[in-house]
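Here is a short report on one protein chain. Keep the sequence and the 3D view open as you read.

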Amino acid sequence: MKLLFAPMEGLTGYTYRNLHHTCFGGVDAYYTPFISAGQDFKFQNKERADYSPLNNKTIIDDGIQVIPQVMTNNAEAFCWAVMKLSESGYREVNLNLGCPSATVVSRGKGAGFLRNTDALDLFFEEAFDGLSKAGNTDTSITVKTRIGVSDPSEAGDIIRVYNRYPISGVIIHPRVMKQAYEGTPDIDCFAACLEESRHPVCYNGDIRTAGDYEWISKKFGDRIYAVMMGRGLIADPALAREIRGGERLGRGALMAYTDKLYAGYKELFGSDVNVLHKMKEIWTYEGRSFEGSEPYVHRILVSKRVDDYENAVRRLFDECRIKASGEHSDAWKYDIYR
Ligand SMILES: Cc1cc2nc3c(=O)[nH]c(=O)nc-3n(C[C@H](O)[C@H](O)[C@H](O)COP(=O)(O)O)c2cc1C
């Protein structure tokens, strides 16, 4: 079973990915946060930097995949993006059909594209036709999808659209768009999608402990080709390694990792405001790896200056213990620090 690092906009840029791979590993592929492909046929500088093979060299040189994710509802722009990314050496491109953010879905992109399965069908028809006319039939196209916009009963129609095209893999996050990240993944709907799909399927959603992974992998076994993890891996960056039978997260390793990340962001951004913003995002997840960390994380999140931030981080590492390895449970509230 492959272990995939989920794309997470604002969190898993190349600085994060390279460091995660170097310090913890255990992941077979890192998906980039989405790159927008608009009708202007241009990527922004920041997006180009994120997928540039030079900036992902540490991972790629070790034979681990980096897979760019594209967000668009325009087939021509998608073909252009796939061609560009394949020129950079990428052999898989993932299409985002899961993002629930209001600005994205209001433009009919991300999970908003699932509203209109006829338009989605036409998109794939034009996209695969365009790629074939351009002579690009060897880039694997995968999709990352939700199970509907407002009701899981929409899932069947969505999967049947994918079934009509030579898609190489369907990564299913079994929540509907309207849930955003609320509630729990709909495992029964996921099982039904697995039955319906003629493509290889990957499970994604709320895997936060080795016990959760065991539970999913026992339930679906080799009927799924991969498990993708996002928030759970940011909270516990050693999770994939632990699942692979390696060392569990330790205090020293997490401290060294967090320090390196902080140094990496200082180098990348320069300005304290941006660095603190990034680190606070990380801490909303990483804090969950400690016992009783809420007040400590709160202090980190309200820090305004670098020295306040550094003191708050030191106190957390000094005074909180890393949690023991977790069993499976479906009661993890992700938003406790928000
Ligand atoms: C802050 C944040 C940013 C995300 N950015 C992306 C993204 O760029 N592309 C994408 O497909 N999914 C994105 N997701 C969704 C995750 O990839 C994943 O599908 C979701 O969090 C469920 O998996 P998890 O429970 O393992 O985190 C994002 C989620 C969060 C919380």
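## The chain as a whole

Of the 338 residues in the protein chain, 44% count as buried. Buried means that 20 or more other C-beta atoms lie within 10 Å of a residue's own; exposed means 12 or fewer, and partly exposed is in between, with C-beta atoms placed from the backbone. This is a predicted model: local features need pLDDT of at least 70, side-chain atom pairs count only at pLDDT 80 or more, and totals for chains, interfaces and linings use all residues. Residues are numbered from 1 along each chain as its sequence is written.

The protein chain has 15 helices and 10 strands. Helices (H or I, at least four residues) and strands (E, at least two) are DSSP runs, numbered from the N terminus. The radius of gyration is 20 Å, close to the 20 Å that the globule rule gives for 338 residues, so the chain is as compact as a globular protein of that length. That radius is taken over C-alpha atoms, and the rule is 2.2 Å times the number of residues to the power 0.38. Along its principal axes, the C-alpha trace spans about 60 × 40 × 35 Å.

Now look at contacts. Two residues are in contact if their C-beta atoms, placed from the backbone, lie within 7 Å. Among contacts with a separation of 6 or more, 73% join residues 24 or more positions apart.

Two packed helices are described by the angle between their axes and the distance between the axes. Axes are lines fitted to C-alpha atoms, for helices over the stretch in contact, and angles run from 0 to 180 degrees between N-to-C directions.

Helix 14 (residues 294-302) packs against helix 15 (residues 306-319) at about 165°, and their axes are 8 Å apart. That angle makes helix 14 roughly antiparallel to helix 15. The cut-offs are under 35 degrees for roughly parallel, over 145 for roughly antiparallel, 65 to 115 for roughly perpendicular, and oblique for the rest. Helix 14 contributes Tyr 296, Val 297, Arg 299 and Ile 300 to the contact, while helix 15 contributes Tyr 309, Ala 312, Val 313, Arg 315, Leu 316 and Glu 319. These residues divide into 7 nonpolar, no polar and 3 charged. Here Ala, Val, Leu, Ile, Met, Phe, Trp, Tyr, Cys and Pro count as nonpolar, Asp, Glu, Lys and Arg as charged, and the others, Gly among them, as polar.

## Helix 1 and helix 12

Helix 1 (residues 14-23) and helix 12 (residues 251-269) cross at roughly 150°, with axes that come within 10 Å. Helix 1 and helix 12 are therefore roughly antiparallel. Thr 15, Tyr 16, Leu 19 and Cys 23 of helix 1 make the contact, with partners on helix 12 including Ala 253, Tyr 257 and Leu 268.

Ile 224 sits in the loop between helix 9 (210-220) and strand 10 (226-229). Ile 224 is buried, with 20 other C-beta atoms within 10 Å. Leaving out residues up to four places away in sequence, Ile 224 touches Leu 194, Val 201, Cys 202 and Tyr 203.

Is Phe 41 buried or exposed? Phe 41 is exposed, with 12 other C-beta atoms within 10 Å. Phe 41 lies in the loop between strand 3 (35-36) and helix 2 (45-51). Its phi is positive, near 50°, in a residue other than glycine.

Asp 206 also has a positive phi, about 65°, although it is not a glycine. Asp 206 lies in the loop between strand 9 (201-204) and helix 9. Asp 206 is buried, with 23 other C-beta atoms within 10 Å.
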